Amino acid sequence: MSAGKVTQEQQTTSEMLQPTPELMAELEEASQRLETATPEEIIRWGAERFGLKLTMGTAFGPEGCVILYLLSQIAPDTPVFNLDTGYQFQETLDVRDQIREKFGIDVELLKPEHTVEEYEQIHGGPLYKTNPTQCCFDRKIKVLKRGAAGKHAWISAIRRDQSEDRAKASIVGWDKKFGLVKINPLANQTKSWVWRMITEHGVPYNALHDQGYTSVGCWPCTRAVLAGEDERAGRWSGTAKTECGLHTMEDDSPNA
């Protein structure tokens, strides 16, 4: 390669935000300051700080749908994506259409390298049955890393009260797994707050939530919860797996 040429990978790397001491200090200060802020104020800070270098990933859960509503009011040009694994419920994809119609936000569907048919052929059958961590890594983590190219920050819809791991989430922090600033506007909110927002503002939501599905992921790895169960008990039921890896702090790639 000649000295005058820059590869696409080098260009993408040069556009990445670097976790300098100055940036880390800025994020810590912002997180502490925004700890008592409203979700609207947190989103506004992210939009003003990062502009179109800010993005959002959504699985169209109730929390994500509320953030999409808030984005439509605060920063409607923010790029938003969904990790379309190929295993999503049709009801999940229907919410995408409803959000676009009501709020004017067109969520991009980011797809893995291989279709479901190709992927299952490569692995001799559905990998979610034998190695769900690898399946999540290939069809979610890798896709997000590709979709985040050129971005500096991403918004997630996690709440601290959802799980032990999510309880550690800061309002603003450095996500070393993806090389992005991660903004969690709903970290301090509750399930009841989320549903109150949905009711008061007519926010579209996944119809499966009316059928006992409190947390919706890919259809092979999601079931409705039973009375008294945790709201995420229907995800990877019967296994020790509790997260797809998007929101875990440690490196949980299959080869880690």
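This is a predicted model: local features need pLDDT of at least 70, side-chain atom pairs count only at pLDDT 80 or more; totals for chains, interfaces and linings use all residues.
Six strands make up an open sheet. Their order is β3-β2-β1-β4-β6-β5, and the pairing is mixed. β3 (108-110) and β5 (172-175) are the edge strands, each with pairing on one side only. On average, neighbouring strands are turned by 35° against each other, direction ignored.

## Strand β6 and its partners

β6 (residues 180-183) runs parallel to β4 (residues 153-155). Three bridges join the two strands. In one of these pairings, Ile155 has Ile183 of β6 as its bridge partner.

β6 also pairs with β5, here in the antiparallel sense, over four bridges. Trp174 stands opposite Val181 of β6. The two strands β5 and β6 form a hairpin, with four residues between them. Gly179 sits in the turn and has a positive phi of about 65°.

Which residues cover the two faces of β6? Leu180 and Lys182 lie on one side, Val181 and Ile183 on the other. All four are buried, and Lys182 is among them. In a regular strand, side chains alternate between the two faces of the sheet.

## Helices on the sheet

Helix α2 (residues 21-34) lies across β5 and β6. Its direction is at about 145° to β5. Helix α3 (residues 39-50) packs on the sheet as well. Helix α3 touches β1 (54-57), β4, β5 and β6. The direction of α3 makes about 160° with that of β6.

## The α4 and α5 pair

Two packed helices are described by the angle between their axes and the distance between the axes. For helix α4 (residues 62-74) and helix α5 (residues 90-103), the axes come within 11 Å. They cross at roughly 20°. Angles under 35 degrees count as roughly parallel, and α4 and α5 are therefore roughly parallel to each other. Their crossing is right-handed.

What meets at this contact? From α4 come Cys65, Leu68, Tyr69 and Ser72. From α5 come Val95, Ile99 and Phe103. Six of the contact residues are nonpolar, one is polar and none is charged.

## Leu71

Leu71 belongs to helix α4. Is Leu71 buried or exposed? Its relative accessible area is 0%, so Leu71 is buried. Setting aside neighbours within four places in sequence, Leu71 is in contact with Ile43, Met56, Pro76, Thr78, Val80, Ile105 and Ile155. Ile155 is also the residue whose bridge partner in β6 is Ile183.

Glu40 is 31 residues from Leu71 in sequence. In space, the two are 8.5 Å apart, C-alpha to C-alpha.

## Tyr213

Tyr213 is found in the segment after α9 (191-201). The relative accessibility of Tyr213 is 18%. Buried means under 20%, so Tyr213 counts as buried. Not counting residues up to four places away in sequence, Tyr213 touches Phe89, Leu208, Thr222, Arg223 and Ala224.

How many residues apart in sequence are Tyr213 and Ala233? They are 20 residues apart in sequence, with 9.7 Å between their C-alpha atoms.

Methods:
Residues are numbered from 1 along each chain as its sequence is written. Side-chain values use heavy atoms; hydrogens and water are left out. Two strands pair if DSSP finds at least two bridges between them. Axes are lines fitted to C-alpha atoms, for helices over the stretch in contact, and angles run from 0 to 180 degrees between N-to-C directions. Contact means heavy atoms within 4.5 Å. Angles under 35 degrees count as roughly parallel, over 145 as roughly antiparallel, 65 to 115 as roughly perpendicular and the rest as oblique. A crossing is left-handed if the near helix is turned anticlockwise from the far one by less than a right angle, and right-handed if clockwise. Ala, Val, Leu, Ile, Met, Phe, Trp, Tyr, Cys and Pro count as nonpolar, Asp, Glu, Lys and Arg as charged, and the others, Gly among them, as polar. Buried means under 20% relative accessible area, exposed over 50%, partly exposed in between (1.4 Å probe, protein chains only).
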